[in-house]
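Visitor: I am new to this structure. Please take me through a few of its features.

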Amino acid sequence: MIEDFPFYLSLIIAIVLLIMLANKIKVAYPVLLVVAGLLISFIPNIPMIRIDPALIFIIFLPPLLYEAAWAISWKELWKWRRIIGSFAFVVVFLTATTVAFVANHFIPGFSLALGFLLGGIVSPPDAVSANAILKFVKVPKRMSSILEGESLLNDASSLIIFRFAMIAVATGQFVWQEAVLSFSWMVIGGVGIGLFVGWLFMKGQKILPTDANMDTILTIVAPYVMYIAAEEVHSSGVLAVVSGGLLLSNNRHNFLSTSSRLRGNNVWESLAFVLNGLVFILIGLDLPEITANLDGVSIAGAVGYGLLITAVLVIVRILSAYGAVIITLIARNYITVADVRSPGFKAPVLLGWTGMRGVVSLAAALSIPVKLYHGGADFPQRNLVLFITFIVILTTLVVQGLTLPYLIKKMNMQSFNDHLPDDEAEDLIRREMAKMTINHLAKNYGNLLEKSPFLQQVHEKWKGKIDEESDIKLSSEIKMAYLDILNVQRAWLIEQNHDKNQHFDEDLIRKHLMKIDLEEERMLLVH
């Protein structure tokens, strides 16, 4: 292991350089990393990379899911909950079922149980790939919100299918009653454990005398505790991390200090950057191991099966997107939906074309045991399932990943006006926050305002007469007054975000909250 350390170090450097190149040429970095890993794997004397599935499930998956849960807007997730839920659960089950029957019919030696196993592996789209692509193009906010929300939940539903299919392949039977009970426990137990563990961390960090370093370490530990605790009792570790992450994210201003939030953001950005880069380059590097044991099937034949399954995935997702639109148009006559307008034909096509596969599919395929049971027969078609999964990942990343920006530009989708335009919202927030700040100063600190040049400058700043405060010595009383103003501004922004009558994009609210955190941190450093 130690002799390969320079290779792994070089791999990290290569990832950074490749992502820099991807940003330069405006290509989603997962595409470049997978292709680069594939090319590197053909270099003579390169160390063989064998990916332990437990490494991906335990080391990579919890922090990546947790980081995504912190980044997503709960307001948007709840607003589009029906379509997100349908894509994360119904469409995943529909996709797995379709793949099962197609594989059973067209691939020799594939039973229906094996087809469901393959369907569970390749059904969940990868969020990282879609988000990396959407950085370079402008799409309506609702589209990115739906994709982010779907990606948080579809991993759980696909892995549930995978588990049941594994049992069916190994035992040759499938008991529906047991499956329903087990599924219910995986969902309810996973969500419940995630919320409980998240609540424990939240209360502990609020009560105990932690500092920014301790809080950051605890946020890194939290997703692993949630995932392992849920898996130990045979519930969904994915749902545990997602539900716990959403709870902590939504309450971050209640239990984390300003320093902890700022430092934690920086650490998590770097950690997610490295983990995502490693995962995608390892996908490409794993090809030699996958192709080495394709017994009885030619490479050309295996590639053909992979392309067939890829086509099925794309068609089912696009048809499902149109189906979701039709159901919504019917349902709006009976229930309140997020938007009563028809999205037209463009949105379903775009949503259907964002089905790139990635880390979860690879990890699930690699976790298939070599033997059906200890010392027993070989697991049927294991290597072919691995190869088909690799082809699906590679094809969807490269083909859809490279064409999606062109498709988005070609469609020229107009905004759905879910939120105020950024410049209008920015101006409204600034004016309303200025009024609230000036009123709070006059009401609570009228005497101090007459005596303190600093508070007078703050007052003038918010009236728009000057841009920034000068370097004035501050007494502890004045500093406390200013910190109180910042807390009031923060509370006002959070209230506006939760106000259903306001149409502010949560990303914009978070930007202003970050500015307040930075200002508070600066004030705490002033002597």
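Visitor: In which hand does helix 2 pass helix 18?
Guide: In this predicted model, helix 2 covers residues 29-40 and helix 18 covers residues 382-411. The crossing between helix 2 and helix 18 is left-handed.

Visitor: Which residues in helix 18 do Pro30, Val31, Val34, Val35 and Leu38 meet?
Guide: Those five residues belong to helix 2. Their partners in helix 18 are Phe390, Leu394, Leu397, Val398, Gly401 and Leu402.

Visitor: How many residues apart in sequence are the parts that Glu150 and Arg317 tie together?
Guide: Side chains of opposite charge can pair when their charged atoms come close. Glu150 and Arg317 form a salt bridge, at 2.8 Å from N to O. Glu150 is in helix 8 (residues 141-171) and Arg317 in helix 15 (residues 299-331), so the parts joined are apart in sequence by 167 residues.

Visitor: Which helix gives the most to the nonpolar patch?
Guide: The patch covers about 780 Å² of surface, and its residues include Phe5, Leu9, Phe273 and Val274. Helix 1 (5-25) and helix 13 (258-285) each give two or more residues. Met20, also part of the patch, lies in helix 1. With seven residues, the one that gives the most is helix 1.

Notes. Residues numbered from 1 in each chain as written. Predicted model: local features only at pLDDT ≥ 70, side-chain atom pairs only at ≥ 80, totals over all residues. Heavy atoms only, no water. Patch = residues over 30% accessible without salt bridge, like charges linked within 9 Å, V, L, I, M, F, W, Y side chains within 5 Å. Areas by Shrake-Rupley, 256 points an atom, 1.4 Å probe, with all protein chains shown as cover. Salt bridge = Lys/Arg side-chain N within 4 Å of Asp/Glu carboxyl O. Helix = DSSP H or I, 4+ residues; strand = E, 2+ residues; numbered from the N terminus. Axes fitted to C-alpha atoms, helices over the stretch in contact; angles between N-to-C directions. Left-handed = near helix turned anticlockwise from the far one by under 90°. Contact = heavy atoms within 4.5 Å.
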